[in-house]
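Please read it with the structure open beside you.

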Amino acid sequence: MPLLRVGPDVELYYEDAGSGPPVLLVPGWPLTSESWECQVGALVEAGHRVITYDRRGFGRSTRAWDGYTPAALVDDLHGLITHLDLLDLVLVGFSSGAVEAARYLTVHGPDRARGLVLASPLGGASALGRDLRIAAKWHRVAMLDDVLTRFFSVNGEGALDEATRQHLLSTAAASSARATLAVIDAWSDPTLDLAADVAAAVLPTLVLGGEGDAVAPSHRVNAPTVVIPSGPHGVHITHPQQWNQAVLTFLAG
């Protein structure tokens with residue numbers, strides 16, 4: 001099992017498949033690398049090296065107590081990128097992972113990157129974030145169940161089969177309770193500015209989302225945007241073929 005030590009007591013689980021131009025997939029809270037199941041094979045088959053990982057506290061990475069600030073999470077990502085010596089990299093981030101990927105470019109610079117894909121990006125602090133913090137502290141699993149219902153619904157109707165939603169719920173619930181709460185705080189920090197981070201990177205950027213996204217319905221980033229009809233927030237899972245094709249078209253450009 002590939003693990004990368006990024007601190008005295010923290011190891012990140014990652015997977016590295018295929019060969020060719022690298023693509024690193026950053027999962028969104030509260031999901032893990034398993035949420036990219038429908039993307040990895042398609043990208044590898046198209047001739048890309050694909051890296052997925054679990055952020056600290058989630059999935060098969062160390063269930064650390066500390067280190068959930070934006071700076072620490074971005075440093076973990078930087079540690080993985082430098083360890084694998086990734087160059088001409090395209091970063092693909094979903095939801096809060098999009099904020100993480102953009103912030104990485106601001107903090108560590110775009111020298112190793114050639115592109116950025118913001119998949120259903122979050123817009124920063126919100127009333128939803130405050131509500132989630134309260135629910136995560138006292139009713140974590142029920143809160144995760146509600147969140148993943150919203151992730152995969154359009155106009156109140158589920159857009160994902162229940163077996164898959166339950167699998168994703170089980171992986172989210174198995175992550176650290178401490179991490180689940182702390183990462184909400186990290187990526188709802190009101191000082192973060194996704195649009196400013198993207199502008200500062202000066203890289204080709206694609207914004208990709210679902211038409212029926214009830215979690216982050218507006219994408220306030222000055223970049224080409226692809227909207228998938230009838231897609232929810234987690235549109236890469238509900239509409240993987242359309243989503244993958246949009247990303248592959250961007251990668252080829």
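1. Helices and strands are here DSSP runs, H or I of at least four residues for helices and E of at least two for strands, numbered from the N terminus. The model is a predicted one, and every value below should be read as computed from it.

2. On the overall fold, the chain contains 10 helices and 10 strands. Its C-alpha atoms fill a box of roughly 45 × 45 × 35 Å when this is taken along the principal axes. A compact globule of 253 residues would have a radius of gyration near 18 Å, and the 16 Å of the chain agrees with that.

3. Where contacts in the chain join residues at least 6 apart in sequence, 73% of them link residues at least 24 apart. The accessible surface of the chain is about 10,600 Å², and carbon and sulfur atoms account for 53% of this surface.

4. Proline 30 belongs to the loop between strand 3 (22–26) and helix 1.

5. Is serine 230 buried, partly exposed or exposed? Serine 230 counts as partly exposed because its relative accessibility is 46%, which falls between the cut-offs of 20% for buried and 50% for exposed.

6. Alanine 64 sits in the loop between strand 4 (49–53) and helix 2, and its relative accessible area of 9% makes it buried, since buried means under 20%. Leaving aside residues up to four places away in sequence, alanine 64 touches Val10, Arg56, Gly57, Ser176 and Arg178. Alanine 64 and aspartate 9 are 55 residues apart in sequence, while their C-alpha atoms are 7.6 Å apart in space.

7. Helix 6 holds histidine 167 as well as glutamate 162. Histidine 167 is partly exposed, with a relative accessible area of 34%, and glutamate 162 counts as partly exposed at 42% relative accessibility. From C-alpha to C-alpha, histidine 167 is 9.7 Å from serine 35, although 132 residues separate the two in sequence. Glutamate 162 and methionine 1, by contrast, are 161 residues apart in sequence and 29 Å apart in space, again C-alpha to C-alpha.

8. Turning to empty space, rolling a probe the size of a water molecule over the atoms shows where it is left. The second largest pocket has a volume of about 170 Å³ and is lined by 13 residues, of which Glu34, Glu37, Cys38, Thr164 and Ile237 lie nearest its centre. Which helices each supply at least two residues of this lining? They are helix 1 (37–45), helix 6 (162–173) and helix 9 (235–238). By class, the lining of the second largest pocket has 5 nonpolar, 5 polar and 3 charged residues.

Conventions. Residues are numbered from 1 along each chain as its sequence is written. This is a predicted model: local features need pLDDT of at least 70, side-chain atom pairs count only at pLDDT 80 or more; totals for chains, interfaces and linings use all residues. Side-chain values use heavy atoms; hydrogens and water are left out. On a 1 Å grid over the protein atoms alone, a cavity is a set of points where a 1.4 Å probe fits but cannot get out, and a pocket is an open set with protein on both sides within 12 Å along at least five of seven lines; lining residues have an atom within 4 Å of a point. Grid points are joined across faces, edges and corners, and a volume is the space filled by probe spheres set on the points. Ala, Val, Leu, Ile, Met, Phe, Trp, Tyr, Cys and Pro count as nonpolar, Asp, Glu, Lys and Arg as charged, and the others, Gly among them, as polar. The radius of gyration is taken over C-alpha atoms; the globule rule is 2.2 Å times the number of residues to the power 0.38. Contact means heavy atoms within 4.5 Å. Accessible areas come from the Shrake-Rupley method with a 1.4 Å probe; for residues, only the protein chains shown count as cover. Buried means under 20% relative accessible area, exposed over 50%, partly exposed in between (1.4 Å probe, protein chains only).
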